[in-house]
Amino acid sequence: MTSFELFIGNKNYSSWSFRPWIALKHKEIPFEESLVSFDFENGNPKFRAFSPSMKVPVLQDGDLTVWDSLAILEYAAECYPEKGLWPADKAMRARARAIASEMHSGFSALRGACPMNMRRPVEMLAVDEAVKADVSRIVEIWSECLEKSGGPFLFGEFTIADAMYAPVVSRFVTYTLTQSPVFEQYRAAMTETAAWQTWEADALKETWYVAVDEI
């Protein structure tokens, strides 16, 4: 029996925390949430008590500490294989891992120009060609996945791939980065989940202000 404790940062800003949180919540995997805000310029010195990297999220399972969003999600998938965090089909699973990894390591222009900020009023942001290229590639990924799976999520049922792209959905909404019908379809599926709505409601109540994430 696992005893997950998930350490996260501010729900309004912490895109990396959002990823494992929404997956665990949507899949009804039990965990205790511990929120430690990063309202300091360089995180929070309290992170040192639980985070080897001094970043969030971090998962503790008894004596085991797992940091990094994708590593946490992989560990949860191993602990709860019956929850379907990855597609059952081998080929689909490989593809889901590929696009999750592309999100994990890529799209730096989008990340830098458009921080996750659920509290920010929805307003179109003028972005450069590098950001536009990131947006185009992401919409391409969603289009291909939804066409093959039939939706509502990238591989039919909600998987780690969806968790990895959840903060991107939020960014696309906040900064009005695309009007693609594919995005509208996928946005509806993601934002209508109870897990998304719970996280967003909490995010909107927060009062911490991080200047670097206010664009």
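Modeller: Ala, Val, Leu, Ile, Met, Phe, Trp, Tyr, Cys and Pro count as nonpolar, Asp, Glu, Lys and Arg as charged, and the others, Gly among them, as polar. This is a predicted model, in which local features need pLDDT of at least 70 and side-chain atom pairs pLDDT 80 or more, while totals for chains, interfaces and linings use all residues. Residues are numbered from 1 along each chain as its sequence is written, and side-chain values use heavy atoms, without hydrogens and water.

Biologist: Which residues line the second largest pocket?

Modeller: A pocket is an open set of points on a 1 Å grid over the protein atoms alone, where a 1.4 Å probe fits, with protein on both sides within 12 Å along at least five of seven lines; lining residues have an atom within 4 Å of a point. Here they are Met118, Arg120, Val122, Ser170, Val173, Thr174, Arg187, Thr191, Trp196 and Glu200. By class, four are nonpolar, three polar and three charged. Helix H6 gives the most, with three residues.

Biologist: At what angle do the axes of H1 and H8 cross?

Modeller: Axes are lines fitted to C-alpha atoms, for helices over the stretch in contact (heavy atoms within 4.5 Å), and angles run from 0 to 180 degrees between N-to-C directions. The axes of H1 (residues 15-26) and H8 cross at roughly 135 degrees and come within 9 Å.
The two helices are therefore oblique to each other, as angles under 35 degrees count as roughly parallel, over 145 as roughly antiparallel, 65 to 115 as roughly perpendicular and the rest as oblique.

Biologist: Which residues make the contact?

Modeller: H1 contributes Ser17, Phe18, Trp21, Ile22, Lys25 and His26, and H8 contributes Ala195, Trp196, Thr198 and Trp199. By class, this contact has six nonpolar, three polar and one charged residues.

Technical notes:
Helices (H or I, at least four residues) and strands (E, at least two) are DSSP runs, numbered from the N terminus.
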